[in-house]
Amino acid sequence: MILLGLGGNLATVDYGPPRQTLTAALAALAARPIRVLARSRWYSSEPVPPSAQPWFVNAVAVVQTALEPPALLAELLDLERRFGRVRGEPNAPRTLDLDLLDYDGRLVEGEPLVLPHPRLHERRFVLAPLAEVAPGWRHPRLGLGVRELLARLPSEPRAEPFPG
């Protein structure tokens with residue numbers, strides 16, 4: 001199973017507010033050799049670490065592709081750039097963040113790719129939507145299920161599904 005994290009907290013000129021931008025990014029993935037099989041609900045989440053920037057919109061998608069992890073990551077980074085992502089300071093506001101969370105349980109250590117994503121087990125805004133689309137998923141390094149990982153997290157920072 002290939003899992004992608006999606007997020008953003010800045011509007012774009014072409015696509016509008018973050019939720020619309022993320023929806024457009026999912027459609028753009030489908031125009032590449034990446035098939036979106038499922039998506040969680042949209043979540044509203046506090047910035048990590050806490051700051052005065054706007055809250056994020058987040059989701060997790062299950063995708064299918066013949067691309068190997070480095071090529072998939074390159075596609076994701078290219079899409080981020082096309083959607084106006086400018087990388088600068090870590091944890092800065094952004095128009096689009098596409099993270100490769102897991103690729104069939106593979107363990108990869110290297111630059112720029114580490115699998116599974118090195119911080120996914122620490123982030124409610126990743127684990128809550130991941131539990132929706134892959135409730136049986138287990139962390140390949142830690143051996144813990146997504147619900148076990150969620151239960152270990154403090155209640156703050158918050159990540160809550162959008163109503164409806």
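Two strands pair if DSSP finds at least two bridges between them. Helices (H or I, at least four residues) and strands (E, at least two) are DSSP runs, numbered from the N terminus. The model is a predicted one, in which local features need pLDDT of at least 70 and side-chain atom pairs count only at pLDDT 80 or more, while totals for chains, interfaces and linings use all residues. Residues are numbered from 1 along each chain as its sequence is written, and side-chain values use heavy atoms, with hydrogens and water left out.

**View 1. Strand β4 and its pairing partners.** Strand β1 (residues 2–8) runs antiparallel to β4, and seven bridges join the two; within this pairing, A59 of β4 is the bridge partner of L6. Strand β2 (residues 35–39) also pairs with β4 in the antiparallel sense, over four bridges, and R35 has Q64 of β4 as its bridge partner. Strand β3 (residues 43–45) is joined to β4 by three bridges, again antiparallel, with S45 opposite F56. Eight of the nine residues of β4 are buried, so the strand is largely enclosed by the rest of the structure. Here, buried means under 20% relative accessible area, exposed means over 50%, and partly exposed lies in between (1.4 Å probe, protein chains only).

**View 2. Strand β5 beside β1.** Six bridges join β1 to β5, and these strands run antiparallel. D97 in β5 is the bridge partner of G7. Because six of the seven residues of β5 (residues 97–103) are buried, this strand is largely enclosed by the rest of the structure.

**View 3. Residue N58 in strand β4.** N58 lies in β4 and counts as buried, at 4% relative accessibility. A polar atom of its side chain lies 3.3 Å from the backbone oxygen of L6. Contact means heavy atoms within 4.5 Å; leaving aside neighbours within four places in sequence, N58 is in contact with residues including G7, W42 and F125.

**View 4. The largest nonpolar core.** A nonpolar core is a set of buried Ala, Val, Leu, Ile, Met, Phe, Trp, Tyr and Cys residues joined through side-chain atoms within 4.5 Å. The largest has 27 residues, and L6, L29, L72, L76, F83 and L100 have the most contacts inside it. At least two residues of this core come from each of β1, α1 (18–30), β4 (56–64), α2 (69–82) and β5. Helix α1 gives the most, with six residues. Not counting residues up to four places away in sequence, L72 touches I2, I34, T65, L67, L100 and Y103.

**View 5. The stacked rings of Y15 and F83.** Rings of Phe, Tyr and Trp (its six-membered ring) pair if their centres lie within 6.5 Å; planes under 30 degrees apart count as stacked, over 60 as edge-to-face and the rest as tilted. By this rule the count comes to one aromatic pair. The ring centres of Y15 and F83 are 4.5 Å apart and the planes are at 20°, so the pair is stacked. Y15 belongs to the loop between β1 and α1 and F83 to the loop between α2 and β5, 68 residues apart. Y15 counts as partly exposed, at 35% relative accessibility, whereas F83 is buried, with a relative accessible area of 6%.

**View 6. Helix α3.** Nine of the ten residues of helix α3 (residues 124–133) are buried. Among them are R124, F125, P129 and V133.

Notes
A polar contact is a pair of N or O atoms within 3.5 Å; within protein, one must be able to donate a hydrogen and the other to accept it, and residues adjacent in sequence count only if both atoms are side-chain atoms.
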